[in-house]
Amino acid sequence: MSRPKSVERLIESLGRLPGIGPKTSERLAFHLLRAEPKVARELAEAIVAARNSTRVCPTCFNLDEVAPCSICADEERDRSRLLVVEDPRDVAAFETAGYRGLYHVLQGRVSALEGIRAEDLTVKPLVERVREGGVTEVCLATNPDLEGEGTASLLAERLRDTPVRLTRIARGIPAGSTIVQVSSAILADAIEGRRDLG
Ligand SMILES: [Zn+2]
């Protein structure tokens, strides 16, 4: 079955999004083509506007509309604590849970399966940031799954000879869940119950 090139392009573009297989991208594309014109226009404009108005913070690598981000710029925060997370969605989750220190966003996690190495993440800037001083505790808050634990071990190794207290969030997060899926209460407990890494 031949389809207009523009439709193929839309299906392909949607199919490049995480978690969207060929069937889903086709379904979404035809939904957009059948919907009111303003639905498609609003989606397209929202994508471009968000992409153009956000930037990566040069200090913590969080996403915000200002750089440095509003969290790094907030003088009211406890600047001696760093919470290391995988991505900006985790920052949002810990903010809701009431955490009031600073962050460092890795922009992913080490994954042999996906070919992601420490060098592809913001590990080096993290080590440099910690060495610059001012931080007394680094809490590793990568996800409690295989790759998240592996990434935490690697970070612990890289930060071992820095003079900071190194901690890992508690194991209260149910197996198979990610940080963005659990409640604020569980996340607050996970920080509260953090353990020291030797
Ligand atoms: Zn920042």
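Q: What share of the residues in the protein is buried, and how is that decided?
A: A residue is called buried if 20 or more other C-beta atoms lie within 10 Å of its own, exposed if 12 or fewer do, and partly exposed in between, with C-beta atoms placed from the backbone. Of the 198 residues in the protein, 25% are buried. This is a predicted model, in which local features need pLDDT of at least 70 and side-chain atom pairs count only at pLDDT 80 or more, while totals for chains, interfaces and linings use all residues. Residues are numbered from 1 along each chain as its sequence is written.

Q: What are the overall dimensions, and which domains are assigned?
A: Taken along the principal axes, the C-alpha atoms fill a box of roughly 65 × 35 × 35 Å. Domain bounds come from an automatic or database domain assignment. That assignment gives domain 1 (5–53) and domain 2 (76–196). Their centres, taken over C-alpha atoms, are 33 Å apart.

Q: How many helices and strands are there?
A: Helices (H or I, at least four residues) and strands (E, at least two) are DSSP runs, numbered from the N terminus. The protein has 8 helices and 7 strands.

Q: How do strands pair, and in what order do they form the open sheet?
A: Strands of a sheet pair through backbone hydrogen bonds, either parallel or antiparallel. Two strands count as paired if DSSP finds at least two bridges between them. Here 5 strands form an open sheet in the order S4-S3-S5-S6-S7, with mixed pairing. S4 (101–105) and S7 are the edge strands, each pairing on one side only.

Q: Which bridges join S3 to S4, S5 to S6, and S6 to S7?
A: S3 (residues 78–85) and S4 are parallel over 5 bridges, and Leu 83 has Tyr 103 in S4 as its bridge partner. S5 (residues 137–140) and S6 (residues 165–168) are also parallel, over 4 bridges; Cys 139 is bridged to Thr 167 in S6. S6 and S7 (residues 195–196) are antiparallel over 2 bridges, and Thr 167 is bridged to Asp 196 in S7.

Q: What is the handedness of the β-α-β unit made by S5, H7 and S6?
A: A crossover is right-handed if, with the strands pointing away from the viewer, the path from the first strand over the helix to the second runs clockwise. S5, H7 (residues 146–159) and S6 make a right-handed unit. H7 lies across S3, S5 and S6 and runs at about 160 degrees to S5; axes are lines fitted to C-alpha atoms, for helices over the stretch in contact, and angles run from 0 to 180 degrees between N-to-C directions.

Q: Which residues have the most contacts inside the largest nonpolar core?
A: A nonpolar core is a set of buried Ala, Val, Leu, Ile, Met, Phe, Trp, Tyr and Cys residues joined through C-beta atoms within 7 Å. The largest has 34 residues, and those with the most contacts inside it are Leu 83, Val 84, Val 85, Phe 94, Tyr 103, Cys 139 and Ala 141. S3 gives the most to this core, with 4 residues.

Q: Which residues is Ala 141 in contact with, leaving aside neighbours within four places in sequence?
A: Two residues are in contact if their C-beta atoms, placed from the backbone, lie within 7 Å. With those neighbours left aside, the contacts of Ala 141 include Leu 83, Phe 94 and Ile 169.

Q: Is Cys 69 buried or exposed, and where does it lie?
A: Cys 69 is buried because 25 other C-beta atoms lie within 10 Å. Cys 69 sits in the loop between S2 (63–64) and H4 (70–73).
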